[in-house]
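Thanks for making time this morning. I would like to walk you through one model, beginning with a few charged pairs and ending with the packing inside.

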Amino acid sequence: MPIRRDWSHLEKQARTLLGGLSLDEKLSLLDGDTPFWGGLAAIALHDISHRRPWPAGVLGRLGITGLHFVDGPRGVVLEGGATTFPAPIGRGASWDVDLEERIGAAMGQEARSFGANLFGGICVNLLRHPGWGRAQETYGEDPVHVGAMGAAATRGVQRHAIACVKHFALNSIDSARFRVDVSASERVLQELYLPQFRDCIEAGALAVMSAYNSVNGAWCGQHPHLLQEILKQRWGFRGFVLSDFIFGIRDGEAAVTAGQDLEMPFRMIFQATLPAAVAAGRVPMARIDDAVLRLLLAQASVPGGAYPESLRGCRDHQHLAREAATKSIVLLRNEGNLLPLSGTGSLAVIGPLADTANLGDRGSSDTRPAPASVVTPLAGLRAAAPELQLFPCDGHNLAKACALAARSDAAVVVVGLDWRHEGEHIHPGDLAPILGQAPPPDGLLRLVGRRRLLPLWSRLAAVAAQVTRLGSARAGGAFASGDRTRLELPAGQEALILAVAAANPRTVVVLMGGGAILCEAWRQRVPGLLLLWYPGQRGGEALADVLLGRVSPSGRMPFAVPTDASHLPAFDPRARRITYDFWHGYRRLAHLGQAAAFPFGFGLSYATFTHSDPMVQWLHGALQLSVTVANTGPMAAAEVVQVYAEPPGQAAERPRRSLVGFRRLSLQPGQSERVAIQIPLRCLAWFDASRDAFVLEGGRHRLVVARHAEDKGISVDLPLEAGVVGL
């Protein structure tokens, strides 16, 4: 349920403050409080993105404490002991909505302990192509799954801070994000790329960050259809829109008129353009008042009180990080029931990531836990099983690795991706045109003179872009990785897997990373394969629990992994134009008639489950499907029940099968439970642009209870009448 608020009281409080503001004060609330040139230099020289929250709208005269932003898809990014959780793509693999809400609450608490009240850690952009450098920051490829997880995180964060949902919208290419124009029909927008944002708004999010890219020819930071018509009018969003940082606005007047409320983090384009635009009547005063009221209203919603530093990395949050890491692990292959490794006396632990802290990329989502607090796979195994004889090796010496594998009862090879292979990326050549719109420093204007300075401004902007790039590199090299066009492991890692598997037939491969890794060159040669993702600071303990059989693996794939990259949609990291349609992920594979190597929703267990007796009943505006789930295996385990819809498909072209609901549950051996899953009618409908509404197609609809997107499952047929079911 969304957070309950007394909106009338909060709005009265905000309007009282609004009435006491001068025009200059109102305009000062619409941008970050950090001066542009000083802030840019501080990023380059001091890495301040990880030292303190970013302030905006602090106004001491009226006691307005303002907004204080921190990032954090996998935990608060500031130095000072915050918990590092698994990256969102791993948490997406848990399919655990309750867990994600608890993680959101923990992140909100820790953000407040740093003095922040605006948390930017909820990314719900769809993973259209698994080579996207920031795949790790979202939950997966499907809007129903991503929306449920993002809404859960929103509910948790909003108990303590303002939840900021990002990046609105269609932001899923990193290296071209400052220049690419994404074309998408209104149907595609409403059915695939916007529903997950709507889920977060309905869950109570009070901030939305606009994206850098353009959509259908208009920059997202100044896009009236996205920001005003859809977000604020159609969805009734009460909160505020903030720009993505530094480069999120191109035209101040166009942005504020379109619905942009706050430029972050510097006093930049709004400051340079809005005073004159308001004075000339080009920007109505009512729009300024609306933006300020939204900002004040969100601030008023934040609970009062102090949050102590002891919350950071506290025992409860550490346990939560370990639980999340355990539930995120996906067992992809277990030939001959090699796993769990029971009765194993010796184990070779091999690979460049076996004893490396591998938490994710080093861009804006980079967390800073103390190195000693990160449990690597090797450290986790050592702590979990002191009696187990371990033979560690980084794998750089292939002969040594094979010798250790041959003398051991089994071998675990830990390989995959790190911040050098994928992550956030800034292409400096794209920044100069944007920085050229920044206001010249007043001192420089006085020193050089406006007529002499302005013709040189584009050159100075190019220098500023280079400073930004160097500052990012100083922060850890995050912006050198970006999107991936080759989805296989590095050749040396593939050679290591094949060599160790040849030396010991009881080999388990553990993959780390955020996006898809194609495994066709070697996956049939190894009996055991696990996905560990970027597992947070307690990931090594979680891996040990699963390898040793103390916990059954329960993760399910949040995206489909194809057998060949040609089965994926086109992906150009430096594209200027691209079209998004219905066909990505499991929908595209079904459309092409291609089976996945690992389907969406797939994951093995140490237990076995049955689904039986599906039934459907009508609720107000929704259906409810109930099914009996039984654990018929030897140990306690969790199952993820997935419901897919197969529409008649006569009124419009539609995917053959789409996820419409899911539920995770844990069962003891021999236990069964009746599970009910609600399915909003909008999930069964298609968007008819001619009627500007979601329309239910008449005819036979089939609901399929399945273990993954390609599972035949068990089904219920429903004859439904055609009709409009909502906007």
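R333 is buried, its relative accessible area being 14%, where buried means under 20% relative accessible area, exposed over 50% and partly exposed in between, with a 1.4 Å probe and protein chains only. Its side chain meets that of E335 in a salt bridge, at 3.8 Å from N to O, and E335, at 44% relative accessibility, counts as partly exposed. By salt bridge I mean a side-chain nitrogen of Lys or Arg within 4 Å of a carboxyl oxygen of Asp or Glu.

Before I go on, a word about the source: this is a predicted model, in which local features need pLDDT of at least 70 and side-chain atom pairs count only at pLDDT 80 or more, while totals for chains, interfaces and linings use all residues. Residues are numbered from 1 along each chain as its sequence is written, and side-chain values use heavy atoms, with hydrogens and water left out.

Side chains of opposite charge can pair when their charged atoms come close, and a search of the whole structure finds 48 salt bridges. Another of them joins R674 and D613, with 3.7 Å from N to O. This pair links distant parts of the chain, since R674 sits in strand β23 (residues 672-680) and D613 in strand β19 (residues 609-619), 61 residues apart; helices (H or I, at least four residues) and strands (E, at least two) are DSSP runs, numbered from the N terminus. R674 is partly exposed at 35%, and D613 is likewise partly exposed, at 46%. Elsewhere, salt bridges that share partners join D96, D98, R102, E323, K327 and R664 into one network.

How far apart along helix α12 are R294 and D290? They are four residues apart in that helix, residues 285-301, and therefore separated by about one helical turn, and their side chains meet in a salt bridge of 3.1 Å, N to O. R294 counts as buried at 12% relative accessibility, whereas D290, at 27%, counts as partly exposed.

Let me turn to a polar residue, Q260, which lies in the loop between α10 (252-258) and β11 (266-267). Is Q260 buried or exposed? Its relative accessibility is 0%, so Q260 counts as buried. A polar atom of the Q260 side chain lies 2.9 Å from the backbone oxygen of G221. Leaving aside neighbours within four places in sequence, Q260 is in contact (heavy atoms within 4.5 Å) with residues including S210, L227, F270 and R287.

Finally, the nonpolar packing. A nonpolar core is a set of buried Ala, Val, Leu, Ile, Met, Phe, Trp, Tyr and Cys residues joined through side-chain atoms within 4.5 Å. The largest such core has 62 residues, and F168 and L170 are those with the most contacts inside it. Among the elements that give two or more residues to this core are α5 (97-113), β5 (162-168), α7 (186-193) and α8 (195-202), and the largest share, five residues, comes from α5. With neighbours within four places in sequence again left aside, the contacts of L170 include N125, V182, L189, Y193 and Y580. Apart from this core lies another, of 55 residues, with L30, L118, F270 and L274 among them.

Methods:
A polar contact is a pair of N or O atoms within 3.5 Å; within protein, one must be able to donate a hydrogen and the other to accept it, and residues adjacent in sequence count only if both atoms are side-chain atoms.
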